[in-house]
Amino acid sequence: MDRKALLTAILCLLVAMPLCMTVISDDSDAYSADVNGVYIHSFDDEMEISAGNTYTLRFTLSNPTGPTKYVSISSVDITDGDMGTIKHNEVSPLGSEGTAELVFTINIYKYADDGEHDFEFTITVCDSDNTSNIASLTCSFPLVIKSQYASGDAYNKFMGIIPNTLPEPFDSSTIASIASLIIWLFIAAVVGHIVYKFVDRKWSKNNDENSKDAKSLGKMITFLIGLVGLSQCLKILGANEFLTGMVTDIITVVFVVIGAYIAWRAFKIVLYNVIVRFDREDRVDDTLIPLFKMIGRIVICVVALSTILNIFGFDLAAIVTSAGLVSLAISLGAQETLNQFFCGIQLMATRPFRIGDKVRLGTDTNVLIVRKIRVMDTEFKNWLNEEVFRVPNSKVMSSMITNITYNDESYKIYEYIDVDYGADIDKAKEIMLSIVSAHPQVITDGSKDMPSFRFYSMDASSIRLRVTYVLTDHELSYTVPCQIREAIYRKLHAEGIKVPHNIVDVHMEE
């Protein structure tokens, strides 16, 4: 054998040895028993399961040579108290050289005692007539339960870390737990105060409501850290798993409720500072804040409720599935209502107009004043009349929205004047610009477009001129143009510039 083949053989042997050792170990440590000719075997030698979980234990039953055997299981229990529920399958009759599988599904209670226990069951085997050659065997199987509520290494240690080596009578777990609780409360007070000062200094300047929220936030964090310390002190005290578990779960529920309250307070502070204070484009007004608050409140409540249900063992998957089916049925039956709702959400988020803006919807020339923006509809007022009406948000979002006064109350006017052919255009231009510029409601300081003149068109019987100017307020867009139009007409008439009317030549044949 050459060197390369020898090295390959040695390498394969080294790789195979751990596998062989594992197989040997499994066979030697496996559970085996024999009752009335039925061989019972399990490759597990003990069970280790965390409290609140489920474990599946499997046994192989075989009848090597004997006649058909009937197998029944009874007296299934876990010693040292009521630790959980156990279910097993029915074993079919075993013929000669037949095999079957015995499966135990063991569900350990959440508050089961930590430590080593015995799982026991009695197996009875008889011949095919069910009356003769009956034999029973009680099988005991080691069961190790791991509980998160057990004291473990934290027993009688300060803060669960430092062993209590004080002289008597101060060496008891009671002294260690009381001292640890005092330390936890001190830590809670310090952390809560630091959080309050940081939030108050960072986010609550010149805002009393945010300052109150910051103070409440600090108090709640202090209380939560104190509750964590109380749960830890129960383990230091050495309380049993049931008491520690019940108290811990109650504390967890309180923790979730207070955590949701803290999240709500923090959300309001962030909402005010990030959305309102830092909104440089000024696109968020007071009508949008309640919407964000509602969404935040719903999300926080749903998360908190789901967490509490999970603590008490509810199946969240089934709840979510049922909620999804209900939501689907509601959405199919209320499509129009949901469409209006989501259009309202989109309207409040995109903000094409705000309360007080003057808008036009679609091809309608009527000017509407926005009065209220709701989730389902928007309320408008007719600018020229006192009519008030509501429009579904689905219709608003499907229309072309023209915002006349968005961020600016000024309004541009285009005024058209017809003069006769042969008129002095320069004189007409001077008259129109001088009258427009002299009006006190026309902007002439350069902040907007200055009044301008255009030779617009030459029509069949007149020349059309246009003068453009910007008013200080859209509210004047009906009254001021009338005044300017009248003044221009009078001045043109006084200067002998005719404003023609349509001339129609009529020829009659005899």
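Predicted model: local features only at pLDDT ≥ 70, side-chain atom pairs only at ≥ 80, totals over all residues.
Reader: Why is Ser147 called buried?

Author: Its relative accessibility is 11%. Buried means under 20%. Therefore Ser147 counts as buried.

Reader: Where does Ser147 lie, and what is it in contact with?

Author: Ser147 lies in the loop between S9 and strand S10 (157-158). Leaving aside neighbours within four places in sequence, Ser147 is in contact with Ala51, Ala112, Asp114 and Glu241.

Reader: How many aromatic pairs does the structure hold?

Author: It holds 14 aromatic pairs.

Reader: What makes the pair of Tyr111 and Tyr149 tilted?

Author: The ring centres are 5.9 Å apart, and the planes stand at 40°. A pair needs centres within 6.5 Å; under 30 degrees is stacked, over 60 is edge-to-face, and the rest is tilted. So this pair is tilted. Tyr111 sits in the loop between S7 and S8, Tyr149 in the loop between S9 and S10, 38 residues apart.

Reader: Are these two tyrosines buried or partly exposed?

Author: Tyr111 has a relative accessible area of 22%, so it is partly exposed. Tyr149 has 4%, so Tyr149 is buried.

Reader: Why is the pair of Tyr416 and Tyr456 called edge-to-face?

Author: The planes are at 75°, with 5.0 Å from centre to centre. Tyr416 lies in strand S17 and Tyr456 in strand S18 (residues 452-458), so the pair ties together parts 40 residues apart in sequence. Tyr416, at 34% relative accessibility, is partly exposed. Tyr456, at 44%, is partly exposed too.

Reader: Which rings are linked into a cluster?

Author: Ring pairs link Tyr31, Phe59, Phe104, Phe119, Phe121 and Phe141.

Reader: Which residues have the most contacts inside the largest nonpolar core?

Author: They are Phe59, Leu61, Phe104, Ile108, Phe119, Phe121 and Ile123, in a core of 31 residues. S7 gives the most to this core, five residues. Apart from it lies another core, of 21 residues, among them Val442, Leu465, Tyr469 and Ile497.

Reader: What lines the largest pocket?

Author: The lining has 15 residues, and Arg360, Trp383, Tyr411, Ser477 and Tyr478 lie nearest the centre. Strand S17 (411-419) and helix H10 (479-494) each give two or more residues. S17 has the largest share, four residues. By class, eight are nonpolar, four polar and three charged. The pocket volume is about 210 Å³.

Terms used
Residues numbered from 1 in each chain as written. Heavy atoms only, no water. 1 Å grid on protein atoms, 1.4 Å probe; cavity = no way out; pocket = protein on both sides within 12 Å on 5 of 7 lines; lining within 4 Å. Points joined across faces, edges and corners; volume = space filled by probe spheres on them. Nonpolar A, V, L, I, M, F, W, Y, C, P; charged D, E, K, R; others polar. Core = buried A, V, L, I, M, F, W, Y, C linked by side-chain atoms within 4.5 Å. Buried < 20%, exposed > 50% of the residue type's maximum accessible area, 1.4 Å probe, protein only. Contact = heavy atoms within 4.5 Å. Phe/Tyr/Trp six-rings, centres within 6.5 Å; stacked < 30°, edge-to-face > 60°.
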